[in-house]
Amino acid sequence: MTAEPTSARALTFFDEVVANTPGGDSRLELCLQCGTCGGSCPSGADMEHTPREIFAMIDAGMKDEVLRSNAPWYCVSCYYCMTRCPQEIHITDIMYTLKRMAIREGLYKKSSASDAPGFSETFISFVENNGRSFELGLAAVHHLRYHPINAVKMATGMGLEMILKGRMAIVPTKIKGIKQLQSILNKAKELGGAA
Amino acid sequence: MKYGYYPGCSLERNAYSYHQSTLAVAKPLGLEFVEVEDWNCCGATEYFAIDAIPAYALVGRNLALAAQQKGDDKQLVAPCSACFLNLKKTDHYMDESPELAEKVNTALAAGELHYEPGSVEARHLLDVIVSDVGYDAVAEKVTKPLYNLKVASYYGCMIVRPRALETFDDAECPTSMDHLMEVLGAEAVDFSMKAHCCGGHMTQISEPTAFDLIRSILKNAVDNGADTIVTLCPMCQLNLDAYQSAVNKHFGTDYNIPILYFTQLMGLAFGIPAEELGIGKELVDARSALTKIGTEAPPKPKKKRPSKKALPMPSLLEEA
Amino acid sequence: MTKKEKVGVYVCHCGTNIAGIVDVEDVSTWVGENNENVEVSRDYKFMCSSLGQELIEKDIKEKGLTRVVVAACSPHMHEKTFRGACQRGGLNPFLFEMANIREHNSWATNDKVAATQKAKALVNAAVERTVQQTSLEPIPVEINANTLIVGGGIAGITAALELANGGDHVYLVEREPSIGGHMAQLDKTFPTLDCSACILTPKMVDVGQHPNITLLSYSEVEVVDGYVGNFSVTVRKKARYVIEEDCTGCGICEEKCPQKVVDDAFEANLGYRKVVYRPFPQAVPNYPVIDAENCTYFKNGKCKVCEMFCPTDAIDFKQEDELLKIEVGNIILATGYDVFDARRIKRYGYGRLPNVFTSMEFERMVNAAGPTAGDIVLRDGVNVPKSVAIIHCVGSRDKNFNEYCSNVCCMYSLKFAHLVHERIPAADVYNFYIDMRASGKEYEAFYHRLLEEGTHFIRGKVAEVTNAANLPEEEGKLIVQTENTLIGKQIRVPVDMVILSAGIESRHDANEVAHLFGMGCGYNGFFIERHPKLDPIATMTEGIFIAGACQGPKDIPSSVAQGAAAASRVSSLIKQGTVMMEPIRAHINEDHCSGCRICNNLCPYNAIEYHEDKKVSEVITALCQGCGTCVAACPSAAISGAHFTNEQLLSQIDGILWDVKSELKMEPA
Amino acid sequence: MNEKFEPVIVGFLCNWCSYRAADLAGTARIKYAPNMRAIRVMCSGRVDPQFVLKALREGADGVLIAGCHPGECHYVNGNIKALRRFILLKKMLRQLGVEEDRVQLVWASASEGNVLAAKVDSMTEEIRALGPLNWNETVLGGGNGQHAAVTEPEEV
């Protein structure tokens, strides 16, 4: 029997982040604030807050600021931080958690990377409808939504070249078991939570 | 050697040449790849950003299908680094967290599927070639060595990291593809940026960020005298190849270095015609670089004798 | 029928440490009322205070107590204290028992009810156990006045001189050809910047010349037998191929030897040495050794230049290793540390990028007697760096390598910064640190001095060192990439030279050495001390002491202090002449022994002898260490382990389960 | 309020490693289940199987044997002997119809207070799940007082 603490501490933003990070232990509480992550991050120079700063802010309960930061959206999943972290904190996974929380809370809209979730959402909408990703559709929809000028550039420049080289499909591929996949995903969405 | 094969969405189209060349070199190496029937997208780096359980379930479906299909072997080969990592990570986390495994399986049950963690082992194509086939067996198949060709081996991220997943090569300074290139007769150039990020999806989110990363990789390869950069991931190839002209425009540079798949160079060395390897589909034309391939082995570069005053250079850990 | 004893029970509050969780009054009252053997039971604020101890003494005398139980902290903390109180009261100290209700109970839970219940069980068990205990007398062991010291670094040197000056004989065994250890490699020492060699070499000479010190350099301990007071040690004296008696240390052989190799020991890879060599000019002893692995003669059978030129015919290619047997009473281990191998952190480029240096390389570089005669230059040996980055915590404070702080790197990194400022005044010096740790005497002042000298301090653990330039000003430089955590920005600092402040690691063979001496290594490979605060010098094995960095990372003053402390501990034992050993030994009852000999092979110390004539086994008390394995194994229960007898332990089990005993068992048989 | 079953575990801790590990757990104020009651022995090799059986017979729901890590035994290899006895003991418990998990072994060095604490926690939960032992019913059968064949274990 592990004794219960005499008075339960109220759940903090920190607890929320930890609880929403799947795959075992996030180890977030171990952060030494050494900056290895911030120094290693390929897009760290363009982040409004380095991962290290984000962790300090999580600890300080600055939920609004954290979920509005562009930092999680600028994470490229290169896993340098996670590999180098002297405390073996699961940094990349925490970044994914923050993205999900930002979407859930709607706070990403106030972020300077406000179109990043859109990219992810467009991407998965193709996956959910076809079972496969669809680059042309993704590029077109994403750019038309957020960067109309880029869309024009795409259609005439690199994108056109890709199509000419046969490297971009004009129509999406659909898997046979799309219904099966959709029931799986729908069930998964119902289950929710982190794990 | 028989393996399950998960090509992933990119290999269907933008990286079709990777798919083509993979199958072309698999044959002489005695590798039999059985494609997972009706596989779906792995979610790349996007699905995890939206919703965790569906993201794992998405990958879970592929693992379940692979497990159903596999014969006596539990190996599943993925040529794309992102696919490889997602397959491996999902299996690993399901194994580590029974709670996650339960949720994923509840979702899979809605499609009458089930996946037991550990029943499929995801492997990257490069790992299979260097570890299972081995350098010696590859060397035996070389009929047209890539003499004189200077190659920068670019690994990117998701094949060597995170270390928690016990990768087959070093997370910071991988060398397996460099050795492979040497076995093919090419010269592997020093390449500090070999495991750095290609920008990933940043081309879609913040071009300046992505261009910075792409440029630093191109620059380092060119600075070290590389004729070509070889890759092992469709995303890396796409970013370095398709965005090269945009990067040049952005920085006022004039890089013109072709980006090939390592399987394409293997094919060439095995004497397979370039068309059958999908060479020519790259946006930065590889032909001029490939004309550099000579018929005779270049003389071994003489080790420069250090000056009398020079201090001894420490050995590397592998040499010690 | 159980005999009735008069047990005194004392439940300690330990301030609130115990009383805050355990209802000590309840425990005391309960045991007094429920255990018929208890004569008196009390609770008291601090039992270990003199008043608490007097309470025990008084009760023994006045109430005629025959057993004493103190429920307080761990016996490892205060068993000795209370045994003393019993003895003063006139009770044999082995009729005393402690119940650990602090470390094992009040400190381990917040549940007051459960803790009180558990305390009752532990106290009751102790009472039941004492009833079965018998009077024992400690075993006196004579102490051999000779001491073995393993390791001739500054800690071992200090210990050796302390003991030798006191008139006792010391065998100093050193693995390398010379004593001096890591300190001999250093240039200046922080924070006072004394020249390391200037303060160390006189001590080395003293050791070499001391009549009470037998110096066995280029030697290693192979076998350790015996126990405190009487160790028997076998030392392998490796072949030097130089006859010590004939060698004058003139150095001609070294000068004439045609074969040069990189010196990966003393010069830390930065310089070369001959194949017949002394690690450094002031080596003690001053005889050279021949490195057989690289010697042309040993490889090809030709050369012998050294032999040809030696004026005293002191070269002997046929020399072989010698095994020496020495008898000592105590052993001090001062085996030092290894420097973290910086090549393991690939992202810092050591071994790949020429102008990345390790701290030990830099020590040799700035040393006037080193390969560059003290000039700070790049790997080409010519160019002088205009900017230098010093990276702290290389291999330290990192779970991927070593989790702990190496204790000395911050300070020597400051020293490096100072030396660069001193030798290259125009150079920019950057120190990349996580936390600046300058907690020794005058250390903080040294840090302030470096602030004044204009060192750039950047708080951030370096992410990587690369030669991949992005900007024109980065071309041809090493770029140090990190987050400046104080401004929250990723930065890239181009420099000419990078120094990696490598941490301290336990010796690579620390585990084997620990095993050889019958003691333990902690998780990180450092030797385990008897108590981390109150006894960092002694080990769990009587007669074996540790000093210096083999116990944990430490700087020179701390190593010297530990070396002296270890000598003083040994001196004290020598002065006592005899040591009292706990009488926890096994004994075989001949009448019950069936002569099955199961115990013979189980004993790890070969302390059980079989008498063929009587068909019984016997324990040799002097060799027995009291582990009790034979006691547990004896099928005829003929072996008893003093102070841990079956009766004592079975009673303890009975007592500990007072609240859950099954009904059936409570009934009389 | 529903009373949770609180198992009682007797712990045999070796003097050099695991007893000190428990000391360290306390010193570090690691909180763990208060269900284990420790008995100090000089070495895990001293743990006679009859001690374990005695504890189970007298009402303990589980027994934990804790020693130094293999290779780190203060008495060279007493812990290996403990391990061999432990394996035989488990076999015997199976024959007696006692769940194997009621007797567990852990290696905890003097610096591993956390390891010992975690073991006590996990073992407490496992035994809680098994429920009370009730030796009389389980082994003696129906509490008729008949002694089942409790043979002395084979020595190793």
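Biologist: Which chains have the most contacts among the 5 pairs of chains that touch?

Modeller: Please keep in mind that this is a predicted model. Among the 5 pairs of chains that touch, the most contacts are between chains A and B. Chain A brings 65 residues to that contact and chain B brings 68 residues.

Biologist: What area do chain A and chain B bury between them?

Modeller: Buried area is the accessible area that two parts lose on being put together. For chain A and chain B the figure is about 6,000 Å², with 60% of it on carbon and sulfur atoms.

Biologist: How many salt bridges are there between chain A and chain B?

Modeller: Side chains of opposite charge can pair when their charged atoms come close. The count between chain A and chain B is 5 salt bridges. One such salt bridge joins the side chains of A:R132 and B:E12, at 3.0 Å from N to O. There are also 29 residue pairs in polar contact between chain A and chain B, both residues being at pLDDT 80 or more.

Biologist: Which helices of chain A supply at least two residues each to the side that touches chain B?

Modeller: Among them are α7 (91–105), α8 (116–130), α9 (135–146) and α12 (178–191) of chain A. By class, this side of chain A has 30 nonpolar, 20 polar and 15 charged residues.

Biologist: How many residues does the contact take from chain C and from chain D?

Modeller: The contact takes 53 residues from chain C and 53 residues from chain D. The area buried between chain C and chain D is about 4,900 Å², and carbon and sulfur atoms give 58% of that area. C:H76, C:H104 and C:W107 supply 13% of the area that chain C buries against chain D, which is more than any other three residues.

Biologist: Which salt bridge does D:R37 form?

Modeller: D:R37 forms a salt bridge with C:D659, and their closest N and O atoms are 2.9 Å apart. Across the interface of chain C and chain D there are 3 salt bridges, together with 18 residue pairs in polar contact, both residues at pLDDT 80 or more. Elements that give two or more residues to this side of chain C include α3 (75–89), α5 (112–132) and α18 (646–656). The largest share, 7 residues, comes from α18(C). The side of chain C that touches chain D divides into 26 nonpolar, 19 polar and 8 charged residues.

Biologist: May we turn to features within one chain? At what angle do the axes of α6 and α15 of chain C cross?

Modeller: The axes of α6 (residues 154–165) and α15 (residues 556–576) of chain C cross at roughly 35° and come within 8 Å. The crossing is right-handed. Residues that make the contact include C:A155 and C:A159 of α6(C), and C:G563 and C:A567 of α15(C). By class, the residues of this contact divide into 9 nonpolar, 4 polar and 1 charged.

Biologist: Which residue forms a salt bridge with A:R27?

Modeller: A:E88 does, with the closest N and O atoms 3.8 Å apart. This pair links distant parts of the chain, 61 residues apart. A:R27 lies in the loop between α1 (13–19) and α2 (36–40) of chain A, and A:E88 lies in the loop between α6 and α7 of chain A. Over all chains, the structure holds 69 salt bridges.

Note on methods. Residues are numbered from 1 along each chain as its sequence is written. Chains are lettered from A and ligands numbered from 1 in the order in which they are written. This is a predicted model: local features need pLDDT of at least 70, side-chain atom pairs count only at pLDDT 80 or more; totals for chains, interfaces and linings use all residues. Side-chain values use heavy atoms; hydrogens and water are left out. Contact means heavy atoms within 4.5 Å. Buried area is the accessible area (1.4 Å probe) that two parts lose on being put together, summed over both. A salt bridge is a side-chain nitrogen of Lys or Arg within 4 Å of a carboxyl oxygen of Asp or Glu. A polar contact is a pair of N or O atoms within 3.5 Å; within protein, one must be able to donate a hydrogen and the other to accept it, and residues adjacent in sequence count only if both atoms are side-chain atoms. Helices (H or I, at least four residues) and strands (E, at least two) are DSSP runs, numbered from the N terminus. Ala, Val, Leu, Ile, Met, Phe, Trp, Tyr, Cys and Pro count as nonpolar, Asp, Glu, Lys and Arg as charged, and the others, Gly among them, as polar. Axes are lines fitted to C-alpha atoms, for helices over the stretch in contact, and angles run from 0 to 180 degrees between N-to-C directions. A crossing is left-handed if the near helix is turned anticlockwise from the far one by less than a right angle, and right-handed if clockwise.
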